[in-house]
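Here is a short tour for anyone who likes to look at a fold before setting up a calculation. Please have a look at the sequence and the structure first.

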Amino acid sequence: MSAAYSPGERDAVYRVIRERRDMRHFTRDPVDPAVLRRLLEAAHQGPSVGYMQPWRFIRIADRELRLAIHALAEREHKATAEACVSRTDEVLRLKLDGIRECGELLVAALCEGRERYVLGRRTLPEMDLCSVACAIQNLWLAARAEGLGLGWVSLFEPDELARLLDFPEGARPMAVLCLGHVEAFYPEPMLETAGWDHRRNLDELVFENRWGRAVP
Ligand SMILES: Cc1cc2nc3c(=O)[nH]c(=O)nc-3n(C[C@H](O)[C@H](O)[C@H](O)COP(=O)(O)O)c2cc1C
């Protein structure tokens with residue numbers, strides 16, 4: 001018996017990968033707690049360096065906290081716009097988060113005490129961060145399959161967010177995740193629609209044997 005999934009199941013996997021979008025527009029409908037639990041279970045199935053499982057998720061249930069996180073993101077949006085010297089106005093016009101509207105707000109973080117984990121991280125300590133990203137991607141894909149949108153927001157000063165949420169020393173917030181129902185999924189990345197950038201040609205990014213050598 002083949003270990004491959006059936007053609008229909010395979011198509012579903014590729015479909016969810018293709019149709020996952022970074023969402024910044026949400027309806028205010030609540031997320032079913034059972035679905036949220038499934039999504040967090042999906043995140044927790046993620047691969048991690050040395051089986052470290054460095055991810056932590058904080059569900060933001062308090063409205064005041066949510067607004068405080070939004071204020072951090074807004075401040076950083078402005079600072080980012082100023083830093084993008086030649087495209088300041090363009091950046092200011094972009095909608096880069098749905099923090100106030102989304103049904104659920106999660107903060108994904110790296111745990112404290114990461115220095116104790118050496119396996120796979122001796123030369124590449126940032127593999128802990130990669131592991132958190134893998135967990136988030138699981139959640140993102142599962143959310144799309146559940147019909148829920150997710151927006152990854154990294155516009156914040158991490159130390160300030162850590163303070164706001166009582167993080168222990170060494171723990172680090174990596175992402176504010178806006179999760180919720182949407183009117184419709186964008187047909188393409190919003191930054192593409194906004195003319196910010198485009199998807200590169202895969203063949204320019206895949207090399208053979210040596211950096212820069214195209215695959216024949
Ligand atoms: C690590 C990471 C950080 C991101 N931070 C933000 C962000 O702060 N605000 C935002 O609007 N989108 C953010 N995004 C989403 C990207 O803009 C988006 O993934 C990209 O434009 C491609 O669109 P797609 O995800 O719909 O394919 C982030 C994505 C990643 C992977």
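The paragraphs below go from the overall fold to a helix pair and then to the ligand.

Keep in mind that this is a predicted model. The protein chain holds seven helices and four strands, and along the sequence they follow the pattern α-α-β-α-α-β-α-β-α-β-α. How far does the C-alpha trace span along its principal axes? The spans are about 55 × 45 × 40 Å. A compact globule of 216 residues would have a radius of gyration near 17 Å, and the 19 Å of the protein chain agrees with that. Of these 216 residues, 25% count as buried.

Now to a helix pair. The axes of H1 and H5 come within 9 Å and cross at roughly 105 degrees. Angles of 65 to 115 degrees count as roughly perpendicular, so H1 and H5 are roughly perpendicular to each other. The table shows who takes part in their contact.

| Helix | Residue range | Contact residues |
|---|---|---|
| H1 | residues 7-19 | Val-16, Ile-17, Glu-19 |
| H5 | residues 127-145 | Leu-141, Arg-144, Ala-145 |

By class, the residues of this contact divide into four nonpolar, no polar and two charged.

Finally, which residues surround the ligand? They are Arg-21, Asp-22, Arg-24, Leu-96, Asp-97, Trp-152, Val-153, Ser-154, Leu-155, Pro-189 and Leu-191. This shell divides into six nonpolar, one polar and four charged residues.

Key: Residues numbered from 1 in each chain as written. Predicted model: local features only at pLDDT ≥ 70, side-chain atom pairs only at ≥ 80, totals over all residues. Near = placed C-beta within 6 Å. Nonpolar A, V, L, I, M, F, W, Y, C, P; charged D, E, K, R; others polar. Helix = DSSP H or I, 4+ residues; strand = E, 2+ residues; numbered from the N terminus. Rg over C-alpha atoms; globule rule 2.2 N^0.38 Å. Buried ≥ 20, exposed ≤ 12 C-beta atoms within 10 Å, placed from the backbone. Axes fitted to C-alpha atoms, helices over the stretch in contact; angles between N-to-C directions. Parallel < 35°, antiparallel > 145°, perpendicular 65-115°, else oblique. Contact = placed C-beta atoms within 7 Å.
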